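Colleague: I would like to go through this model with you. Shall we start with the charged pairs?

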Amino acid sequence: MDRRQFLSLSAKPQPAVKATTTGSRTDSGISAYTGTFDTAQAVHLLKRTMFGATPEDIAWVKSLGMDQAIEALLTTVTAVTSQPVNIYGADEHGILPGESWVNSPPPSSDDEDGKRWNSYKAWWIGVMINQSRSIQEKMVLFWHNHFVTEMDMTHDSRYIYKYNTTLRANATGNFKALTKAITLDPAMLRYLNGYLNSKAGADENYARELHELFTVGKGPNSHYTEEDVRATARVLTGFRINANTVTTYFESTEHDIENKEFSDFYSNKKITGKTGQDGATELDDLLNIIFAQPECAKFIVRKLYRWFVYYLIDDAVEANVITPLADIFRNNNYELLPVLRALFKSEHFFDPLNMSALIKSPIDHNVGLVREFGVTFPTAYMDAYDSWDRLRSHAASMLQDIGEPPQVAGWVPYYQEPQYHEMWINTDTLPKRNQLTDAMVSEGGYGGVAIDVMAFAKRLSNPSDPVQLITDSVAVLYRIDVSDTFKAWLKNTILLSGQNPNSDYYWTDAWNAWAAYPTDTALRTVVESRLRTLYKYMMNLSEYQLS
């Protein structure tokens, strides 16, 4: 199912969209993009690197220009100063409502920990909503889908919070350093049994995933062996968790001090066994062996490509994009920024075939929705957490629950051939997306949080002009270029209520009358009712699901 087939899934009849693609994929590569950089390109860049694109974000990118905007998006790192707090009342360790539990003793029961899980998930949604103009939050979610942990198998919300900070601290840094940090992260040690790994019984769970899912992958050119897995497990013996401090330490008496040998896939390298605390340094030796294998760079670049560009990788993309980006990755010692910089500045990234080609994930849909419309959330922490958790819960009902990928491989739409992200949309999830947007744009909103359509329209360039209002709304909310016929239909049918198509003054007079007397309920209703109908209709169409 390509983009044109997806558009046929729309819940309502729609005017034709402009044809912008052919059935073939692109042969463009990573040469620098030198074409037009206007609203369409700015929105494309923003929606791929952030959750949603507000009118202010778009103006910011256009004012900077492509190069400076990309640099700012890649290098801006805003510290998250908040922590998840007690929103559940009585706490067995005396954590008061509104206080953070992340540095508390271990939870006394699964019930108490379950309450903290909900707090953590709501907090994380709030962090995403309040993100700065940066790729940071998209990358944190990317790594969560890559280095997967599952909350219900970790059994300690403090571990999961620390895992989030590990991802956050390394989100756009060095991939090799991140891999080491995750290998030693308490949540990962618990999730894949690394903390049980000993010389008497080397547990292979993490060792296997380190090769198969985290570094070299299991593609046709990845030929690690069972012997490599066993040798890796032996290298990783001895790491333990201090449950009180949520830190990792090395127990040398549990470490396998014998030599470890690897297959010809890893150039028959050998790690000499070490005694005492030196045994912990075998992890560095192991990572040096794995990261010397070229397939490691290619595997990660492919995952980045599917996350940020498109889910299909044909021979042309492999040759023109994946291979040169992997070379950049390796030549820069696995630093992420040079790869991301080359990708986002490339002709391939801005190729029309790769614009409006991804289906939004549920998190991208829900967080992007409230960011783009500038939804205001309660200031009281209990109410804010409740609103954030409602958005999280609705995303979970649409198959993406943060903190709970369904398995160690992550969310299925990111790896399952041949559908990939098309799996986000089905007869159950598409109506749920529409139900959310319908509720958000209606009076009363979703759980008391609503889109203020009047405030949104005021942020556009000239809301009193119905033609410009439609044009600006399409630019912000859609990623596919719609026809002039469609825009005229939206204007004439909804904003002008079916009056003479030349009666633009009807909308202009109504808007200006309300603007002059903004407290007049009757004047507001005339405008607001039509805007609600407009945005409800636009978000119900399939075009809104594309990024």
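Colleague: What does Glu212 form with Lys218, and how far apart are the closest N and O atoms?

Modeller: The model is predicted: local features need pLDDT of at least 70, side-chain atom pairs count only at pLDDT 80 or more, and totals for chains, interfaces and linings use all residues. Residues are numbered from 1 along each chain as its sequence is written, and side-chain values use heavy atoms, with hydrogens and water left out. A salt bridge here is a side-chain nitrogen of Lys or Arg within 4 Å of a carboxyl oxygen of Asp or Glu. Glu212 and Lys218 form a salt bridge, with the closest N and O atoms 3.6 Å apart.

Colleague: Is Lys218 buried or exposed?

Modeller: Buried means under 20% relative accessible area, exposed over 50%, and partly exposed in between (1.4 Å probe, protein chains only). Lys218 has a relative accessible area of 60%, so Lys218 is exposed.

Colleague: Which side chain meets Glu282 in a salt bridge?

Modeller: The N to O distance in this pair is 2.7 Å, and the partner is Lys260. The pair links distant parts of the chain, 22 residues apart: Glu282 is in helix α13 (residues 282-291), Lys260 in strand β3. Helices (H or I, at least four residues) and strands (E, at least two) are DSSP runs, numbered from the N terminus.

Colleague: In which helix do Arg532 and Glu528 lie?

Modeller: Arg532 and Glu528 form a salt bridge, 3.5 Å between the closest N and O atoms. Arg532 is partly exposed because its relative accessibility is 22%, while Glu528, at 13%, is buried. The two are four residues apart, about one turn of the helix, and both lie in α24 (residues 521-540).

Colleague: Where is His155, which has a positive phi?

Modeller: His155 is not a glycine, yet its phi is about 60°. At 45% relative accessibility, His155 counts as partly exposed. Its place is the loop between α7 (151-154) and α8 (157-169).

Colleague: Which residues does a cis peptide bond join?

Modeller: Pro418 is in the loop between α18 (381-397) and α19 (429-441). Omega is about -5° at the cis bond, which joins Glu417 and Pro418.

Colleague: What is the radius of gyration of the protein chain?

Modeller: The radius is taken over C-alpha atoms, and the globule rule is 2.2 Å times the number of residues to the power 0.38. For 547 residues, a compact globule would have a value near 24 Å; the chain agrees, with 25 Å.
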